[in-house]
Amino acid sequence: MEDGERNGDAGEELKAQNQRAAVQFKAQHALVVAFFLLLFLFHALGIYLFCSGFLLSRLVLQDRSQCAVPPIEVQDEYTIGSIGSGCWHPKSFDKAVVILVDALRYDFTVPFQPQPGDDQPRHFHNALPVLYETAVDAPNNAFLRPFIADPPTTTLQRLKGLTTGTLPTFIDAGSNFAGTAIDEDNLVEQLYKAGKKVVHIGDDTWHSLFPGYFEPNLTKPFDSFNVWDLHTVDNGVNEHLFPLLEADMQGRWDVIIGHYLGVDHAGHRYGPNHPAMHEKLKQMDGILRRMIDKLDDSTLLVVMGDHGMDVKGDHGGESDDEVEAALWMYSKRPVFGSRDADSVRPPLTAKECAVGQIDLVPTLAFLLGLPVPFNNLGQPIAEAFLGPKTDFDDLAKVSRLTSAQIHRYQGQYAKARELDDFATSTTSLLWQEANKVYNAVRTGTGKPTSSDIANAFNAYQTEHLRICRGLWARFDLASMSMGIAALIGTFAVIAIYAHGIGADRATITPLLLAWGAAGTAAGAVVGAAVGFILSLSLVTLSAFGAAMGGIGATLVGLWPARKILRLPVPRTFWGGLCFLITLLLCVGFASNSFTIWEDEQLLFILTTFGVLMLGSSLGQASREDRVLGASNSLSFLVATRLSSLSRLCREERMPNCRSTYYASATSSTSASWQLVIPVLVFAVLPSAIAFFFGRTRNYEGIGVVWIGYAMRVGLGLVALFWVLDAADDSGWIPGISESSLKTSRVLIAQIVLALAFAGGYAIFVLASPLLDVQHEAAQPVDSPSPSSSEPLQTDEPIFTPLNNAPEKPKPKLIIYGYANTHGTRYLLLPTLWFLALLLLQKPMGQGVLALCLLSLLNILEILDALDQRHSPLGPVLFALLGSYYFFKTGHQAALATIQWESAFIPLKTIAYPWSPLLVVLNTFGAQILCAIAVPAIAVWKVPPKQPGVLGRVAGAMATHVLFYAAIALATVVEAAWLRRHLMLYRVFMPRMLLAIIVLLLVEFVGAVVALVGVRWSVGSVYEVFGWPGT
């Protein structure tokens, strides 16, 4: 009775201890997650401070040009200020139809010219001949010129330049997909103020830039982001535009803006050298011929591209193919001319007779009788004002007026920026010289002609443009320094947290979090107070105060634990190697050639690690460890080399690199043979994962259901999705419409995502440990043989009789999978994310992402064989894998390599926030997968009741983040140091932006996905085996 009560009390006490341990673990876990989010905040504040000084926006003057107030006195008999006849100069046209063919590259518009080694036309050649033909046959009615864009070559920035005449800046580049209304003087606003009826049809970007300026009853915007759709926007523009050209609609509009997107979308989806591009250009040729037929004599027709496209159909950078667009103007009246006989015909390449896109602004303003927008930097296009007889008088007048407006703007800008006279000294001299030439011609003294006037004022405009480019590349060094200081401080905190604490990190984290949060709040208040008192930027100083206050307080919070602190320096061979590799990468990013060939550097580094791990494995004392380490090292090396076959080359690497990610270097679609890759992944990968689980007898229970069945079904659906996508692209199934195929693909994609996230997370959260528990029946025990020794004399008082009867046999409880309960239970999380990420990759990317997952499993086994699960080797290798496979999945540190079509894999139309989120998952899938897998390093093959698991998981994640923090800090410092380098915009700045985005993303995913996932996986194991300390 007493024994039963005692056992019952002991059971209740054990249950209470388990409950207390569970509550303690959950509280510590929540605080660890919160601490990593605090580190994320520190990094975000530092990055904001640096970028606000580095990515400067141009000072926008709010002045507006007025019709009745010309920038300089008009000397001839013309009466200024008349909307009807022209504000500053007689207008040439009453109305205009402005057609923007998105991504109309110049070589799409001129005849193909055979070259040695290039004697066959491509699909984009000779498909749009109408522009060249009219310019050749009727040079006084039409002219065609290369139309050079200022990078970045993204649509929103180009529209700003085409309507304001200004240059883009860094902040504009970052705003491409979240456009806000233009708040400076522009052509659309001038048309509106002049009482003109402006109609827009097409790309809806115009409506975010110019809200309220278009005729509401006639305007029709279309979604511009669905790059898979080649026809909806173009057909919609035709449907609404051509009725406006009928005679009975002439009084309903003054200017029509039609923005066609089909050429751009064909480039994004297929690349320029594809039959779909040929068909789209032929369609545009027919559309423009119809427009020509419907024009009257008082209407100007302008056709232009906002940018070009590279060999794969992408844009955003500054390569020749991306900036070389086309401009064509047409009138039924002979009003155009050329400077000389050599420039009558359109140039056959974009390297001759080119005009800048900002030059369109003053040109259209004068042709339509409007004032030139106040902030314009462009100059009039000569062909529009020379006339059939090549009379330079009009060109000289408009050049003088444009220069005067630029001079007026220069004065206001210098005053607002408080620039000294030296900054504008060269333009002042050219302004004086141009006016001398003008006065000499006007008074009849000397030999100058109207041509000399135009050339003199053009020289002034060109120099002023050069000066402005330099002025707008100024950096706020104070803000940049604040950001760098915050990043250095955060790096120090993470380094100490990861490698400077000689005890369980989870126990000290609450103290650090409390100090850090309090310091952040106090620092923000102090920064705001200083900004208010000194009349400085409240936002900047609050951000700096919050970052430095939080960082400083976190470091102060380490003081009570100073006895367990140590210098965060490498103490082992592998730690030293990881430090050396990270340092070399950080230094290497100061070289543009190193950055351009980064994927090859990472391949060499990973191969080096693989060889060293192979050698170390062969030197292990245990045969089992030798076999385990060596086999997985070889598998890691093979996977790394296989993945190197997937390659997307930057333009700067040509011709020393050959792209294999797509069907060809000029395509944006996958080759037919690449469809085999998703099928192989479907057939092989689940079995490979099951092998790793089965080694420790953990391929049991829900693991079989998820990996063997659900995941395999998902992989099969992914393969089916991409087969249908290829069938749609290539027209393999003519009996099924494109719409039906799209609907089928979207449904399949949604099923895969539901299976991955809804089904996968349900399994992950609710699953028990992957164990096989077996009962073994009791085995009968043989009776002991009789002893030949002398029998004991039991009647002797010194002896106590013993019962030598055999014990009753008992059944046995055998648990298979005990050794790796934590590791396999957690790995369910990376596999469910893998399925979702795989769907968003193209076929070649799916193969390399599968190799990435296998490499992660290889590394976990190698770490176990080498007993290095507590060293920096695992987290750093995972970070290197994430960086390497970023390139292998078809990406580079360049805007043009973003695979925008991934936004529509499970969607028919754009949907916020899902469409941008899908693009992020496609672009950074490798880094996300590797970050989610990091906790597995700390829990792979550890005993179920191992104490300190949460602290070791936090240490591994901190080391992983530390690698990315080092890369981000290095690229930020190098971009600041090389801010005047010729390759800043093309190489160093994009790599810096990639580094800081990846850092923030990995830190966020590591906290809210990986560390939160540890709560469920570790908790489920502890619920079965008991919580540590009980």
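Predicted model: local features only at pLDDT ≥ 70, side-chain atom pairs only at ≥ 80, totals over all residues.
Residues are numbered from 1 along each chain as its sequence is written, and side-chain values use heavy atoms, with hydrogens and water left out.

Side chains of opposite charge can pair when their charged atoms come close. The structure holds 31 salt bridges, a salt bridge being a side-chain nitrogen of Lys or Arg within 4 Å of a carboxyl oxygen of Asp or Glu.

Let me begin with Arg105, which forms a salt bridge with Asp107, where the closest N and O atoms are 2.7 Å apart. Arg105 is buried, at a relative accessible area of 4%, whereas Asp107 counts as partly exposed at 25% relative accessibility; here buried means under 20% relative accessible area, exposed over 50%, and partly exposed in between, with a 1.4 Å probe and protein chains only.

Next, Lys842 and Glu901 meet through their side chains in a salt bridge, at 3.0 Å from N to O. This pair links distant parts of the chain, 59 residues apart, with Lys842 in the loop between α25 (821–839) and α26 (843–866) and Glu901 in the loop between α27 (873–888) and α28 (914–923). The helices are DSSP runs (H or I, at least four residues), numbered from the N terminus. Both Lys842 and Glu901 are buried.

Arg869 and Asp864 also meet in a salt bridge, at 2.8 Å from N to O, and both Arg869 and Asp864 are buried.

Finally, a network of salt bridges links Arg269, Asp725, Asp728, Asp729, Glu738 and Arg745.

Notes:
Helix = DSSP H or I, 4+ residues; strand = E, 2+ residues; numbered from the N terminus.
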